[in-house]
Each structure stands twice: as C-alpha cells, then as structure tokens.
Protein chains: 2
Amino acid sequence: METGRKIKVHAPATVANMVCGFDILGFAVKEPYDEMWMRLTEQPGITIINKDNYQLPVEPEKNVAGAALLAMLEELTTPVGFELTIHKHIKPGSGVGSSAASSAGAVVAANALLNGVFSKEDLVRFAMNGEKLASGVKHADNIAPCIYGGVTLIRSIHPLDIVSLTAPPLYVTIVHPQIEVRTADARSILKKQVYLKDAIRQWGNIAGLITGLLQSDYELIGRSLEDVLIEPVRSILIPGFNTVKVKSKEAGALGGGISGSGPSIFMLSKDEKTAITVEQEMKRVYEQLGLEHHTYVTTIHSTGVDIVEE
Amino acid sequence: METGRKIKVHAPATVANMVCGFDILGFAVKEPYDEMWMRLTEQPGITIINKDNYQLPVEPEKNVAGAALLAMLEELTTPVGFELTIHKHIKPGSGVGSSAASSAGAVVAANALLNGVFSKEDLVRFAMNGEKLASGVKHADNIAPCIYGGVTLIRSIHPLDIVSLTAPPLYVTIVHPQIEVRTADARSILKKQVYLKDAIRQWGNIAGLITGLLQSDYELIGRSLEDVLIEPVRSILIPGFNTVKVKSKEAGALGGGISGSGPSIFMLSKDEKTAITVEQEMKRVYEQLGLEHHTYVTTIHSTGVDIVEE
C-alpha cells in the first residue's frame, strides 16, 4: 500500500427491478457513468471533493460514497486515508442508480488501491450503507449490478446471495423526465400486503424473465416484462408513463417500465435501430407534455465499475 | 381415424410447486406412473373402465379423465367415441399428481389416436378441466409437466404460457405418509394476502431456483429451495414434516418440501446414493411415528406421458 497512489474509475448507471423483479433484479448500462478519482493519503480519514453542481454533501457520514468507505474502513485493521474526487454525470434522483454509482465506484476504487483485499460481495455490503443513507433501505439491486456488471440477481439480502445472469445482447433506451420522485416516497406508497394471486402472477413473470435471459429467448423476455404489483402504484407519480410504454412497444420494444423507483423509464430492444426509434417516441411524448427530459440509447454493460487509469 | 385402434400410455406422477414455485413450477418423475389403454370406438361418447380398487367414478363428467376428454370432444367437429381403461398406480390424494396423470394420460392417448390434431398446449387446456373437477381450481402445475415432461414453468394461466426448463440430473426421493390432505382444504387454509417482503423473498428464491436449474448450479438450487409463504401454513397438516426435512438435509439432500398440496414430501439429491440414504431417513421418521407410508427413489422424467404400445 503506497500513499499518493491514484486511480480513476467509471461507475455506471444501473436499472433496478427490471419491471417484475422488484428488489431482486438489476442491470448496469454503458452510459451514463460517473468519473471518480481516488487517492491514498498519508493522513487517515476520508476527504470528498465534488466536481459538479449538485451541491452534494462532502462530510463522509452524509455522503453516500463516504458512508460506503466508512463501512469499509471499519473492517481494516490499519488506518488508511482516502481522497475521493467525484464528477457526477448521473443526475441524483433520476432513478438510474446515481447514489449506487457513487457508493459502488468509491469502494471498487478503494479496494483496487488496497490491492483487492475485499471480495465483490464485501464491496456490495459496504456500498449498501450508501443506499441506506440515500433511501433509508439497504437494498442491493443497483449496487450489485454496478459492481458485478451485466444483469444480477440478488436472491437474498440476509444472507447476501448475488448471482450473475448471462443475457443476450439487449439495447436499452432510457428517458429521464425532469421531475422529482424521492425513493423514500416511491417506497412509502407501496402496500405492505399484496394478494397471493397477484404475487403468483408476478413470480411467474420473474421466472419467465430469468428463463428468457438465460435461454436468449427474446419473445419470452418481452412477455415476462409485466409488473402487476409495483408499476400500477408507482407509475401514477410519472406523467406520460403509460403513453411512453404503449408508444415504445408499438415502435418494437420488447418491453420495459419504471427504472428503479423512477422517474426514469427504460425500454429494452433487440437491436439498436429499434432502440433509437423508441428514443424518438419517448422524446415526442415529453415534448407534447412540455416536460424537460434527457434520453440515452445504450446497452447492458457487462463489467460494472471500470478501472480506467492507474 | 380408424375405429378399433388402440393405444397404451404411461402417465407419470408429478411434483407441483417445487417448494418456492407455488402454482408455477412442476416436474415429472419416472415412477410411479399410471397405465392407461385408450380405444377409438364406433359409438360416440366416453366409456371409462377402472382396473383398480380406488372406487373412482366411471361417469365421464364425474371422472377427471372423462372431464378432460369431454373438453377435447367439444373442439372436434366429427363425433368420436373413446373407451378408456385405467390402471391407477398413483394413489389418489397422495399429492403427486394422481388426478393430473389420469387427465393428461387420457388426452395424450386420445390425441395420438386422432393423429395429433391438437398441440401440447391444447392438451394442457383440456386436461385442466380434470383438475378443476378434482380440486375446484384449473391449475396446470401437475398437468403441464405430465404432458411436456421434465421441469416446466407455467408463466401464466391466462393466457396459457408454458416453458420447458432444462435441468441437470436430479434424483428424487418421495415419501407418502398414508394420511389424507384434500387439495381443496390445503388451498383454503392459505391466506389471500401476503406481506410484500415475504413475496420478495419468495421470488428471489424462485429466480435462484430457475437460474440454478438452467446453469446446473446444484448449490444454488439447494439454497433456493426455501418457501416462506406456503410451507409454513401447509406443513402443519403433515405429521413429521419438519423432521423429514431436517434429516433429509443432514443426509445430503439439496432440499425439498411438500409435493403439491401434500401429504407427500419430496427431496432432491445430486446422486442416487444420497437419494437412497434420504429414503432410509424418511422411513425411519414414519416408523417412529407409527404411520404407514410408501417411498420412491426416482429421477426427473424428461418426456412426460409415454406412448408405450400402438
């Protein structure tokens, strides 16, 4: 461990839930991603420098990356100092794992500087402290894909059990309408109890989606991208949601839904041409609604947080 | 179509639910199976002959195989007659798909005599009428594996969407304690609503089980064979259930649980030796409880209803 050593990482955006897989599925995308520089310092402790205009806190215990690093430091026997510089490109509150990118990027970068003493599962555990700070819940459906890459299944949180799923090539179109949906609010409007018959329909779709991904069956993926439990409740917080969904499917998308707790909406397509047509349809919907928005056409990112400079 | 033509089929027992996959998963086993002979007759209508001592009804509308055949006849434009002789080896009420074997065996045999005019999905639709008669619910988690073979996913009942899942070699140990659990009773004690957090745990396990099966990951299969919703309620109807489960896992079983709505219990093992040790443990439990019981050591049957003589 050599103080002064520096590393740069790209921490990708992630899409949690994947429609039917509430709290258990998520995937990383190639774009957007945060740029982060991490330096080992002689002085123990954590320093955070934000290189953007989001006014995010710099006190480690109030910053999601800081919270993740603090959890990591607790398990180190020797005192270590980190200086973390973050250039956020993933807008906070967009629903594509902005907080997860900060937490996951920070612990992956720190672990690389510590010569990989921690496993990926350890890193997920640390980074979940950032999610706890951001939303009040230690969920892993953004953190896990951000660290593992590709599509990940979180079979269980206690004990933590993460499984990487192979998936066929999939293009992802994302639209972020510029409204605010707080993760905590999106969580609080969910009912604590659900009908067993609805839960059965939901886990039939989850089973179908997993099978479709592992067997590269695009039609089955499309049929399974249905959420009878969460989407009907949460989508009312997102203007234009139903129109975006209808128009995207008409344009050839396999299906899609709310990214995480929203407000971003994602759609999966088999090819890039369709994904671009879907983007145009999404833009048209929000132009008609007079709502500012950003769109991305990207693919599933198989590697998660990338170390780009050492 | 030639009247007088005769066919013989073996209709296998099936294990529905597969622990966490309530109402959506099921698999066929090599043993036990029913033997059935079907003959095309000049006289339209359905005749049923029972070659066993179970006192099952012979009136087509009261017999599960009859109900399935009646549904099939409704979709035929020319009048047809069937004479069906059933030798039941799967004890009714055992929880390993006895009614499904009758219904599925009957329609597969009839369809073969009709030169395969109907698809497998059609046959499932017809046979579900037998399940409706037997339990009041048109469920397909025994019917589908009985007709398709192997492990099947019923992603959806409306519309019907059945997906065959590839699975690694698995040995199955089944114990049938000779008590009666009526499917209708086992269904009525279930709560109509469940906690979302429990449903999430359940679909995490379902996703893990599917992934384990498709990726031949035995450890993941084992970790995922957990049911937090149905088993805690239904297992109270089955004396010795918890002991059987603990002893089977100690003996090396990957896991298992209630077969369908019980009272049979099944356990999955990676090899035959373990499956036989599990059988011995199961026997010991019911000998100590002084409860009559039957056991089977078998494997997953990949082909479903077999035509054995034409």
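The model is predicted, so local features need pLDDT of at least 70 and side-chain atom pairs count only at pLDDT 80 or more, while totals for chains, interfaces and linings use all residues. Residues are numbered from 1 along each chain as its sequence is written, and chains are lettered from A, with ligands numbered from 1, in the order in which they are written.

**The two copies**
- Chain B is superposed on chain A by a rotation of 180 degrees with 0.0 Å of shift along its axis, at an RMSD of 0.0 Å (least squares on the C-alpha atoms of residues with pLDDT of at least 70 in both).
- The two copies are thus related as by a two-fold rotation axis.

**Helix α9 of chain A**
- In helix α9 (residues 241–250) of chain A, a DSSP run of H or I with at least four residues, the buried residues are F241(A), V244(A), K245(A) and S248(A) (buried means 20 or more other C-beta atoms within 10 Å of a residue's own, exposed 12 or fewer, with C-beta atoms placed from the backbone).
- Seen down the axis of α9(A), these buried residues fall within an arc of 100 degrees, so they line one face of the helix (the arc is that of the directions from the helix axis to the C-beta atoms).
- The face turned away from the buried side of α9(A) carries the exposed residues V246(A) and E250(A).

**Strands of chain B**
- Strand β2 (residues 25–41) of chain B runs antiparallel to β1 (residues 6–16) of chain B, joined by 10 bridges (strands are DSSP runs of E with at least two residues, and two pair if DSSP finds at least two bridges between them).
- β2(B) also pairs in the antiparallel sense with β4 (residues 81–87) of chain B over 7 bridges, and M36(B) has I86(B) as its bridge partner in β4(B).
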